[in-house]
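Reader: I am new to reading protein models. Could you walk me through one, feature by feature?
Author: Gladly, let us look at it together.

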Amino acid sequence: MESALAQQVYDKLLSVHGPQKCFLEHMTPFQLLVATILSAQCTDKRVNMVTRDLFKRWPDAEAFASCGREELEQAIFTCGFYRAKADHILKAAKAIVEQFHGELPNTMEGLLKLPGVGRKTANVVLGDALGQPGFPVDTHVRRLAGLIGLSDASDPEVIESDICAVMPPETWAQFSHLLIVHGRTRCPANRPDCPGCELAMLCRHTKSEKTAKGAKKAAKSAKSAKKAAARKASGSASKTPVKKNAKKSAASVSARHTHPRKASSHV
Ligand code: SF4
């Protein structure tokens with residue numbers, strides 16, 4: 001992928017949407033970790049509603065590490081997959097207390113050691129709470145990267161490395177946010193608004209659509225020209241018989257209209 005394309009897309013998105021911040025409300029890196037775990041298969045809006053109360057009851061890793069599983073499950077029930085999410089939060093909180101003295105590790109390697117923490121979650125926490133470069137690849141980033149032509153990969157880790165290879169680390173977190181907001185507003189999966197999209201001039205999807213439309217149009221006009229030529233050819237071919245028929249019918253008409261007496265005079 002050309003780095004120029006990624007930079008142009010970044011600049012355009014920044015001018016359209018303005019600087020974006022993390023959509024998940026949090027006061028500490030640990031709270032963002034919990035919110036990100038809860039956000040799997042759930043909207044940010046719902047997660048923010050749940051975490052407002054959740055973080056009042058259990059503000060940090062120590063509090064979560066000693067809370068009751070059932071209580072936690074009940075508190076996060078509306079986020080979906082509450083059993084698995086509660087399990088991940090409890091295990092991560094215990095690991096942070098026991099192995100990292102209550103503080104989140106601030107490297108990708110360290111975060112990936114925590115139970116239930118994958119690359120996407122680690123990138124969110126690194127980029128939005130720990131001041132480190134992080135490029136989370138969620139469903140919007142993945143889809144837009146393919147449509148625009150930023151990456152041909154389907155594996156989030158490869159998409160991350162394709163984009164991070166051509167963009168400065170200080171733009172990574174912001175670029176991810178911008179792609180997410182564009183995916184939510186202009187380019188949702190089921191109805192991308194290509195005619196109104198500010199990326200239309202840069203997006204590979206629109207360019208290939210235009211090329212396909214152009215080819216279809218050219219094929220259609222070639223077909224019409226062929227039909228017209230065929231019509232013309234069949235028209236000139238049928239001219240002679242028409243003339244013959246015309247002569248024939250003219251003769252019969254004249255025979256019918258010949259006065260009987262005049263006719264008999266020739267006999
Ligand atoms: S041009 Fe269309 S496909 Fe490309 S980003 Fe915009 S809305 Fe999505």
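Reader: Thanks! How many residues surround the ligand, and which are the closest?
Author: The shell has 14 residues, and Cys-187, Pro-192, Cys-194, Cys-197 and Cys-203 are the closest. By type, the shell holds 10 nonpolar residues, two polar ones and two charged ones.

Reader: Which helices supply at least two residues of that shell?
Author: Helix H9 (139–148) and helix H12 (204–237) each do. H9 gives the most, with three residues.

Reader: Let me step back to the whole protein. What does its secondary structure come to?
Author: There are 14 helices and zero strands. Among contacts between residues at least 6 apart in sequence, 61% join residues at least 24 apart.

Reader: How do I read the confidence of the prediction?
Author: Look at pLDDT, the predictor's confidence in each residue, from 0 to 100. The protein averages 87, and 82% of the residues score at least 70. Over residues 240–267, however, the pLDDT is below 50, and this stretch has one contact in the model beyond near neighbours in sequence.

Reader: What share of the protein is buried?
Author: Of the 267 residues, 29% are buried. To count as buried, a residue needs 20 or more other C-beta atoms within 10 Å of its own, while 12 or fewer make it exposed, and anything in between is partly exposed.

Reader: Why does Ala-93 count as buried?
Author: Ala-93 is buried because 26 other C-beta atoms lie within 10 Å. You will find Ala-93 in helix H6. Setting aside neighbours within four places in sequence, Ala-93 is in contact with Ala-61, Phe-64 and Ala-65. Ala-61 is 32 residues away along the chain, yet the C-alpha atoms of Ala-93 and Ala-61 are separated by 4.8 Å.

Reader: And Gln-174, is it buried, exposed or partly exposed?
Author: Gln-174 has 19 other C-beta atoms within 10 Å, so it is partly exposed. Gln-174 lies in helix H11 (residues 172–185). Beyond four places in sequence, its contacts are Pro-19 and Gln-20. From C-alpha to C-alpha, Gln-174 and Gln-20 are 6.5 Å apart, although 154 residues separate them in sequence.

Reader: How do buried residues come together as a core?
Author: Think of buried nonpolar residues joined through their C-beta atoms. In the largest nonpolar core, which has 31 residues, Leu-33, Ile-89 and Val-125 touch the most other members. Helices H2 (29–38), H3 (44–57), H4 (61–65), H5 (69–76), H6 (82–100) and H8 (119–128) each give two or more residues to this core. H2 contributes the largest share, seven residues. Apart from this core lies another, of 23 residues, including Ala-6, Leu-13, Phe-135 and Ala-173.

Reader: What does Ile-89 touch, leaving aside its neighbours within four places in sequence?
Author: Ile-89 is in contact with Val-34, Ile-37, Phe-64 and Leu-72.

Reader: Is H2 mostly covered or mostly exposed?
Author: H2 is mostly covered, with 10 of its 10 residues buried. Among them are Pro-29, Phe-30 and Gln-31. The buried residues of H2 pack against H3, H4, H5, H6 and H8.

Reader: How should I read the buried residues of a helix such as H9?
Author: An α-helix has 3.6 residues a turn, so residues three or four places apart point the same way. In H9, the buried residues are Val-141, Leu-144, Ala-145 and Ile-148. They cover an arc of only 105 degrees around the axis, which puts them on the same side of H9. Just after H9, Gly-149 takes a positive phi of about 105 degrees.

Reader: Which residues other than glycine have a positive phi?
Author: Gln-41 is one of them, with phi near 55 degrees. Gln-41 sits in the loop between H2 and H3, and counts as exposed because it has 9 C-beta neighbours inside 10 Å. His-101 also has a positive phi, of about 55 degrees. The place of His-101 is the loop between H6 and helix H7 (108–112). His-101 has 8 other C-beta atoms within 10 Å, so it is exposed.

Key: Residues are numbered from 1 along each chain as its sequence is written. This is a predicted model: local features need pLDDT of at least 70, side-chain atom pairs count only at pLDDT 80 or more; totals for chains, interfaces and linings use all residues. A residue is near a molecule or strand if its C-beta atom, placed from the backbone, lies within 6 Å of it. Helices (H or I, at least four residues) and strands (E, at least two) are DSSP runs, numbered from the N terminus. Ala, Val, Leu, Ile, Met, Phe, Trp, Tyr, Cys and Pro count as nonpolar, Asp, Glu, Lys and Arg as charged, and the others, Gly among them, as polar. A nonpolar core is a set of buried Ala, Val, Leu, Ile, Met, Phe, Trp, Tyr and Cys residues joined through C-beta atoms within 7 Å. Two residues are in contact if their C-beta atoms, placed from the backbone, lie within 7 Å. The arc is that of the directions from the helix axis to the C-beta atoms.
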